[in-house]
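Here is a short report on one protein chain. It works from single residues out to the whole fold.

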Amino acid sequence: MTGPVVRVDTTSPVPPYEQIRAQLAPLILTGQLTEGERLPTVRQLAADLGLAPGTVARAYRELEAAELIHTRRGAGTRVAALPSEPKHLDPDRLATLARDFTTAARALGADTEAILAAVHRALDEGVSSPSGTPRSVDQQL
C-alpha cells in the first residue's frame, strides 16, 4: 500500500503511541485515509517503526475509542466510516484536533512559527503540508 507516512521522533518528549495517534487521526478525518482502507497490523507497524507492539496497539485502541478505526479478527484494522453530516462545533473536539495537528507537526520537526504559518496557509489556500526533518523513524502506510 502506498500512502501517507507515519513518523516517530524518538527524541521527542511526546510518547510514540501519541505521535502515531496524532498523525493518523487527522489523516482519517480529512479523508486522506479513506473508509475501509486497511492499516498495517500492529506487529507490522511496530516492526517497521522499531517500536514495541504494545505501543502501536495503544495508538490503535485510542483511535478505536474515537471511532476512527475498527478492528475485526480476520479483516484487520480498517478506517471507519465518518459521520455523513457535519456535527455542531465542539470546542473540546476542536482543541483535540489542534493538539493532534501540533503534535504531528512537532514530530516532523516544525517549530511554533512553522506550525502557525502552515495553519495560516491552510486557512488561506486550503493546503496544509508542513515539511519535516529526517530525524524520525518513518513508515509508509
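E67 counts as exposed, because its relative accessibility is 62%, over the 50% cut-off. The model is predicted, so this value, like every other here, is computed from the predicted coordinates. E67 sits in the loop between α3 and β2 (69-72). Its backbone stands out too. Phi of E67 is positive, near 60°, and E67 is not a glycine.

| Residue | Relative accessibility | Class |
|---|---|---|
| R21 | 7% | buried |
| T103 | 12% | buried |
| R7 | 23% | partly exposed |
| E67 | 62% | exposed |

R21 belongs to helix α1 (residues 16-29). R21 is a buried arginine, because 7% relative accessibility falls under the 20% cut-off. Which residues does R21 touch, not counting those up to four places away in sequence? They are P26, A59, E62, L63, R99 and D100.

T103 lies in helix α4 (residues 91-107). T103 is also buried, at 12% relative accessibility. Neighbours within four places in sequence aside, T103 contacts V14, E18 and A22. Of these contacts, E18 and A22 fall within the residue range of α1.

R7 is part of strand β1 (residues 5-8). R7 counts as partly exposed, because its 23% relative accessibility lies between the cut-offs of 20% and 50%. R7 and Q23 are 16 residues apart along the chain, and their C-alpha atoms are separated by 8.1 Å.

**Helix α2**

Helix α2 covers residues 42-49, and its buried residues are L45, A46 and L49. Why do these buried residues line one face of the helix? Seen down the axis of α2, they fall within an arc of 100°, so they share one face. The face turned away from the buried side carries R43 and A47, both exposed. After α2 comes G50, with a positive phi near 70°.

**The second largest pocket**

Helix α2 also takes part in a pocket lining. The second largest pocket holds about 160 Å³ of space. Its lining is made up of T41, V42, R43, A57, Y60, R61, E64, T71, G76 and T77. Which element gives the largest share? That is α3, with four residues. By residue class, the lining divides into three nonpolar, four polar and three charged. R43 links two parts of this picture: R43 is exposed on α2, and R43 lines the pocket.

**The whole chain**

How many helices and strands does the chain have? There are five helices and four strands. Along the sequence they follow the pattern β-α-α-α-β-β-α-α-β. The chain has 141 residues, of which 32% count as buried; R21 and T103 are among the buried ones. The accessible surface comes to about 8,500 Å², and carbon and sulfur atoms account for 53% of that area.

Contacts can also be sorted by separation in sequence. Among those between residues at least 6 apart, 65% join residues at least 24 apart.

Note on methods
Residues numbered from 1 in each chain as written. Predicted model: local features only at pLDDT ≥ 70, side-chain atom pairs only at ≥ 80, totals over all residues. Heavy atoms only, no water. Buried < 20%, exposed > 50% of the residue type's maximum accessible area, 1.4 Å probe, protein only. Arc of directions from axis to C-beta. 1 Å grid on protein atoms, 1.4 Å probe; cavity = no way out; pocket = protein on both sides within 12 Å on 5 of 7 lines; lining within 4 Å. Points joined across faces, edges and corners; volume = space filled by probe spheres on them. Nonpolar A, V, L, I, M, F, W, Y, C, P; charged D, E, K, R; others polar. Contact = heavy atoms within 4.5 Å. Areas by Shrake-Rupley, 256 points an atom, 1.4 Å probe, with all protein chains shown as cover.
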